[in-house]
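Work through the exercises below with the sequence and the model open. Each task is followed by its solution in steps.

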Amino acid sequence: MTFLPLHTRRFASQVYCVLVPRSHKKGVPVEMTRPSSNLADFRDVFSKAKRIAVITGAGVSAESGVPTFRGAGGYWRKWQAQHLATPEAFARNPSRVWEFYHYRREVMLTKSPNPAHLAIAECEARLSKQGRKVVVITQNIDELHRKAGTRNLYEIHGSLFKTRCNTCGSVGENYKSPVCPALAGKGKSRFIINCNGLLRPNVVWFGETLDSNVLGEVEKELDICDLCLVVGTSSVVYPAAMFAPQVAARGVPVAEFNMESTPATTSFTFHFQGPCGTTLPPAIARHETELIS
Ligand SMILES: [Zn+2]
C-alpha cells in the first residue's frame, strides 16, 4: 500500500497530474496482484454496499466531448490554458481570463451528460430509497453530474457556473450567457463587479488550495464509505491518487473504471478497462437483490 506523502498534498489544488511515488525497496521482489475484472464479483460487493463514494475525473467529462485543456494540446487561442488558470494571470489581465472562462461556459451549453453521469445519478436516486447513500466527489467543473441529477455532489475544484467576489469572497451562481454583457463583444470584464470587488470564476486555480470545508466533508465520506468507485481518472492522477489509496488502506474495496491501468491499480480490488460510459452503467444497475427500485 502506498500512502501519499504529505508534500503531495501541497498539490491538492492543482490540476497537474500528481504521480504517486512508489516506495519499493531495491532488490525486494514486489508482489504484483492483479485486480479483478470479474463483473459478477463486483456486483456482489456492490449489492452489499451501504455508502458508496464515487470519485470522478476528466475522463468522464471527455466522454461528453468537454475539452480538458490539459497536456500538450491545452491551448486556448495562443495561450496555454494552464497559464490562464492562475491567480497571477487574473490579477494581470482579468478580462482575458474571463474571456477564457466565458468560452468554456459557452462550450458547455452544447454538452450533455453521458451514460456514466446518468448511471451514477440514477444509482444515487435508486439506492437512497433503500436507505443507502451515494456521494460523488469530482474534480470536474462543468456541472455535468449536477445536470444528470446527482444531488450528493462535492465539486472539489469548484464550478464554471459560480462566481466569487475577489474582495468579500461571496459566491453566487451564474448561468447567464454571456456571463456579463461586456463579454458579448470585446469589452472589459471589469464590469463584473460586486461590492466594488471584482468577480472571478469560483474554480480552484493552479497554486491555490482547495476549500477546506469541502475537503473536510470529502474526508468524512471517504472515512465511512464501504465501497469506492474511481471513474474516468487513473489512480496515479489527482484526485484519485489522493483519495482512493486511503480508502483501500482501510481494507475497503475500490473499483476503477478507466481507459488504462497503472501500477497503482494493483492496490485496488477491481479494475474495469474501457470508456466509463460503457463499463459503468451495467456495473451499478439495479441488482437482483434490490427489492426497492
Ligand atoms: Zn464582494
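Two residues are in contact if their C-beta atoms, placed from the backbone, lie within 7 Å. The model is predicted: local features need pLDDT of at least 70 and side-chain atom pairs count only at pLDDT 80 or more, while totals for chains, interfaces and linings use all residues. Residues are numbered from 1 along each chain as its sequence is written.

**Exercise 1. State what share of the contacts with a separation of 6 or more joins residues 24 or more positions apart, and what share of the chain is buried.**

Step 1. Among contacts in the protein chain with a separation of 6 or more, 69% are between residues 24 or more positions apart.

Step 2. A residue is buried if 20 or more other C-beta atoms lie within 10 Å of its own, exposed if 12 or fewer, and partly exposed in between, with C-beta atoms placed from the backbone. Of the 293 residues in the protein chain, 39% are buried.

**Exercise 2. Describe the largest nonpolar core.**

Step 1. A nonpolar core is a set of buried Ala, Val, Leu, Ile, Met, Phe, Trp, Tyr and Cys residues joined through C-beta atoms within 7 Å.

Step 2. The largest one has 64 residues, and Ala53, Val54, Ile55, Cys228, Leu229, Val231 and Val247 have the most contacts inside it. At least three of its residues come from each of domain 1 (1-11 + 32-65 + 113-156 + 210-293) and domain 2 (67-110 + 158-203); these bounds come from an automatic or database domain assignment.

Step 3. Leaving out residues up to four places away in sequence, Leu229 touches Ile52, Val54, Ile55, Ala255 and Phe257.

**Exercise 3. Explain why helix H9 is largely enclosed by the rest of the structure.**

Step 1. Helices (H or I, at least four residues) and strands (E, at least two) are DSSP runs, numbered from the N terminus.

Step 2. H9 covers residues 240-248, and it is largely enclosed because seven of its nine residues are buried. They are Ala240, Ala241, Met242, Phe243, Ala244, Val247 and Ala248.

Step 3. The cover over these buried residues includes strands E1 (51-56), E4 (133-138), E10 (227-231) and E11 (254-258), together with helix H8 (212-224).

**Exercise 4. Find where Glu143 is placed and whether Glu143 is buried or exposed.**

Step 1. Glu143 sits in the loop between E4 and helix H7 (144-148).

Step 2. Glu143 has 21 C-beta neighbours inside 10 Å and therefore counts as buried.

Step 3. Most residues other than glycine have a negative phi. Phi of Glu143 is positive, near 65°.
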